[in-house]
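Try each task with the sequence and the model in view before you turn to the solution.

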Amino acid sequence: MTSGDQASMPAQPLTNAIVRVARLQRMLAQQMLRGVGLHLGQELVMMQLWERGPQTQTELVRTLDSDSATMTRMVRRLENAGFVRSRPSPTDKRATIIEATPASQAVRREVERSWADLEKIAVGDLTAAQQSDALDVLRRLEANLDAAARSTTA
């Protein structure tokens, strides 16, 4: 970076860096997921179902901090692709149970590999100590932002 570049940097370098890192991470994740037939965000739904088993759509909305309309569209697309199936809850007529299909297991390996590759790319040549420090800082930033978000909705 030249001194001219530094002069044009915004006054909030940390926020700017977070935005740039998040944008690049999403772009790379989207490219990787496209290869397995998923769109960004769908892998998170699938990971929840693979790890925790069948869940109500409401549980997925809450766990993934989504909204009902977005989750409905995502589940519909995943169902059309053959990765999930939905059925009415036997105990609550208002609820829909979403479950991963056996066909989704082949995609699971690819998603896990994509996430591992993305982690390796992001980590690059950071030492184990630097990775640990970065994770600590990111957790603290997340906690700060979460607390601020909660206080504005309270």
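**Exercise 1.** Find how many salt bridges a search of the whole structure gives, and work out which parts the pair Glu-99 and Arg-85 ties together.

*Solution.* A salt bridge here is a side-chain nitrogen of Lys or Arg within 4 Å of a carboxyl oxygen of Asp or Glu, and the search of the whole structure finds 7 of them. In one of these, Glu-99 is joined to Arg-85, with the closest N and O atoms 3.3 Å apart. Because Glu-99 lies in strand 3 (residues 96-100) and Arg-85 in strand 2 (residues 84-88), the pair ties together parts that are 14 residues apart in sequence. Helices (H or I, at least four residues) and strands (E, at least two) are DSSP runs, numbered from the N terminus. For accessibility, buried means under 20% relative accessible area, exposed over 50%, and partly exposed in between (1.4 Å probe, protein chains only). Glu-99 is buried at 16%, whereas Arg-85 is partly exposed at 39%.

The model is predicted, and local features need pLDDT of at least 70, side-chain atom pairs count only at pLDDT 80 or more, while totals for chains, interfaces and linings use all residues. Residues are numbered from 1 along each chain as its sequence is written, and side-chain values use heavy atoms, with hydrogens and water left out.

**Exercise 2.** Locate the salt bridges of Arg-108 with Glu-112 and of Glu-110 with Arg-113, and describe the spacing within each pair.

*Solution.* Begin with Arg-108 and Glu-112, whose side chains meet in a salt bridge at 3.0 Å, N to O. They are 4 residues apart in helix 6 (residues 104-123), so about one helical turn separates them. Glu-112 is partly exposed, at 39% relative accessibility. Next, Glu-110 and Arg-113 meet at 2.5 Å, N to O, and these two residues of helix 6 are 3 residues apart, again about one turn. Both are partly exposed, Glu-110 with a relative accessible area of 32% and Arg-113 with 44%. Finally, a network of salt bridges links Glu-51, Arg-108 and Glu-112.

**Exercise 3.** Work out the strand order of the open sheet, and state which helices lie across its strands.

*Solution.* The open sheet has 3 strands in the order 1-3-2, with antiparallel pairing, where two strands pair if DSSP finds at least two bridges between them. Its edge strands are strand 1 (55-56) and strand 2, each of which pairs on one side only. Strand 2 and strand 3 run antiparallel and are joined by 5 bridges; Pro-88, for example, has Thr-96 in strand 3 as its bridge partner. Helix 3 lies across strand 1, strand 2 and strand 3, at about 85 degrees to strand 3, and helix 5 (residues 68-80) lies across strand 2 and strand 3, at about 120 degrees to strand 2. Axes are lines fitted to C-alpha atoms, for helices over the stretch in contact (heavy atoms within 4.5 Å), and angles run from 0 to 180 degrees between N-to-C directions.

**Exercise 4.** Which residues touch the most other members of the largest nonpolar core?

*Solution.* A nonpolar core is a set of buried Ala, Val, Leu, Ile, Met, Phe, Trp, Tyr and Cys residues joined through side-chain atoms within 4.5 Å. The largest has 19 residues, and Leu-38 and Leu-78 touch the most other members. The elements giving two or more residues to this core are helix 3, helix 4 (57-63), helix 5, strand 3 and helix 6. Leaving aside neighbours within four places in sequence, Leu-78 is in contact with Leu-38, Gln-42, Val-45, Met-46, Phe-83 and Val-84.
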